Amino acid sequence: MATNIEKIDDFTWEVPKTGKMRVPGRVYASEKLMEDIKNDQSLEQVTNVAHLPGMTKYSLAMPDIHWGYGFPIGGVAATNMEEGVVSPGGVGYDINCGVRLLSTNLKYDDIKGEMESIISHLYNNVPTGVGSSGAIQKISKIEMEKMVSEGAAWAVSQGFGDKEDLEYIEENGCLEGADPGTVSKRAYDRGKTQIGTLGSGNHFLEIGRVEDIYHDQAAALFGLEKDTVIVIIHTGSRGFGHQICDDYLKTAQNAVNKYNIDIPDKQLACAPIDSDEGQRYLGAMRCGANFAFTNRQVIKHLAEESIMRALSISPNELGLQLVYDICHNVAKFEEHKVNGHSEKLCVHRKGATRAFGPHSEHIPAKYQDIGQPVMIPGDMGRYSYVAIGTNQAMEHTFGSSCHGAGRQMSRRQSKKISGKKDIYKELEERGVVIQAAGNRTVAEEMSHAYKDVADVVDVMHNAGITSKVARFIPVGVIKG
Amino acid sequence: MPATDFEEFDHTADIGIKIYGSSLQDLFRNAGRGMFQVMRSDSADELLGTDRECDQSMTIEIESSDVESLLRDWMAELLYRHTTERLYFTEFDIQSVSGTQIQANVKGFRFTAEDENRLMDIKAVTYHGLQVIENSDGYEAQVIFDI
């Protein structure tokens with residue numbers, strides 16, 4: 001049955017509150033994107049999420065939305081502390097899958113002749129695929145517990161990156177309240193050899209160049225000029241986080257029965273925030289998030305080493321600088337204005353990014369006047385963006401924005417289309433040097449599989465949620 | 001009788017497989033085979049498995065509340081062993097299976113660092129769309145992997 005959806009303005013739509021919905025649904029999309037969105041169960045899922053206890057203001061959906069497990073990908077759901085629930089499905093299996101943007105001192109003309117060498121060094125240095133050969137092969141349980149308590153700061157203490165990096169990571173690279181005792185042995189087993197690995201699927205490490213600048217002041221603060229070489233790292237908490245989600249989905253399924261939580265879809269399994277089960281999931285999820293912050297910090301170091309070796313240059317000559325690192329699968333306690341007063345909420349973002357506006361105490365001092373950087377990667381053949389959060393985002397979306405292009409077709413369909421053309425030639429014609437673990441991932445991740453991220457970013461920009469700063473073109477990528 | 005033991009089906013972001021079996025034993029065996037087929041980074045990489053001595057074996061025993069959960073838990077256990085012990089399983093000898101328990105001997109080989117790039121990472125065996133149906137041909141199941 002089609003979901004009833006009403007247009008509010010050119011970029012905003014509402015699913016009216018009916019039946020047992022506690023809040024309306026609110027979807028950010030253009031007419032064109034909405035036609036795609038209606039083709040899968042996304043809107044039904046937005047509606048279902050609106051039924052959860054403690055839901056506040058709206059069940060939100062960003063323009064890159066597509067259907068997922070219970071919660072759609074590209075959704076934001078904030079629940080209150082008193083009667084609200086926390087749901088592992090509202091975060092996703094890949095806890096703190098996220099994106100890190102780095103700038104360099106290099107211009108594309110300086111390196112274009114060396115792209116094959118750079119990509120080859122990166123591919124050999126940064127494990128992809130099932131990736132069980134991480135940078136840190138032997139780590140004790142006690143040390144791992146320390147790592148998932150401290151996050152990126154632990155990585156810095158082990159020699160990966162600098163302490164100056166920490167300010168430029170969401171939550172300074174560590175979610176407080178991580179409880180290593182709530183994480184299963186299975187999760188530790190899965191994660192211990194995967195520190196500093198990329199994984200597969202839509203994860204990647206990309207070299208790009210700045211093609212367009214839209215916001216001079218912000219671009220200058222980010223160290224971006226036309227043709228600046230940038231690096232984007234997209235990965236998450238690997239088997240550690242995936243196992244935590246797996247474990248706590250079972251806990252949540254039992255909690256739904258124990259606490260008599262009425263949900264329209266059993267994949268929305270959840271527990272009251274204020275319950276033993278809820279607190280244990282939060283403690284474990286934060287460990288997962290900290291693993292991912294550590295992972296991206298280690299990969300930054302591996303990328304730096306690889307590029308320096310390929311070009312035979314020094315760290316100063318390379319000048320690899322962290323612009324920002326954001327999560328796009330996480331649940332955090334944040335203060336937001338609700339009906340004129342400040343309220344502490346559990347904000348679930350699954351395939352959505354925090355986008356705090358100017359003068360937020362949670363963003364670096366250097367970015368106070370402009371707002372938080374928001375990285376929005378597109379597919380590997382086209383382009384990616386960096387934008388900044390706004391006060392409109394704070395007011396309307398719990399300071400949240402989209403996270404990427406969003407898929408528009410299945411992996412199978414993508415492979416079929418890829419099979420009819422020379423995908424490597426297509427990438428070569430677009431000027432992208434690629435090294436990937438197998439043909440399969442490349443075939444599944446081609447541009448035709450994704451929405452045009454420009455459409456997604458334009459909706460957020462025109463709705464005032466984020467402001468575009470710069471656009472990057474990929475010139476090299478490694479994939480698992 | 002279905003012509004195939006398992007096949008992929010469309011899902012926007014991830015990979016789903018339909019699994020067929022003339023019996024529950026057959027179904028669970030084909031589920032294992034299907035998952036390890038999906039893992040191949042290059043699906044034409046037929047050599048993975050045929051050029052190796054499958055000298056690693058173990059017994060897996062699981063209990064679950066119902067047959068769908070059992071199927072998921074069985075595949076999740078194989079995935080866990082795969083990633084933590086670096087095993088690629090090629091043979092699934094289901095010794096006994098009911099609606100709530102399974103005992104199986106599985107065989108495979110330990111994959112090398114070089115092999116890792118030939119293997120795609122499956123994040124999880126999900127509950128999404130999880131289904132086991134009994135029909136006139138035996139059994140049909142559906143499982144979606146988070147990729």
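How many aromatic pairs does a search of the whole structure find over all chains?

1. The search returns 14 aromatic pairs over all chains, where rings of Phe, Tyr and Trp (its six-membered ring) pair if their centres lie within 6.5 Å, and planes under 30 degrees apart count as stacked, over 60 as edge-to-face and the rest as tilted. This is a predicted model, in which local features need pLDDT of at least 70 and side-chain atom pairs count only at pLDDT 80 or more, while totals for chains, interfaces and linings use all residues. Residues are numbered from 1 along each chain as its sequence is written, chains are lettered from A in the order in which they are written, and side-chain values use heavy atoms, with hydrogens and water left out.

2. In chain A, the ring centres of Phe222(A) and Tyr367(A) lie 5.1 Å apart with the planes at 80°, so this pair is edge-to-face. Phe222(A), at 2% relative accessibility, counts as buried, and Tyr367(A), at 1%, counts as buried (buried means under 20% relative accessible area, exposed over 50%, partly exposed in between, with a 1.4 Å probe and protein chains only).

3. In chain B, Phe36(B) and Phe89(B) form an edge-to-face pair, with 5.6 Å from centre to centre and 80° between the planes. Both Phe36(B) and Phe89(B) are buried, and they belong to one aromatic cluster that also includes Trp74(B), Tyr88(B), Phe92(B) and Phe109(B).
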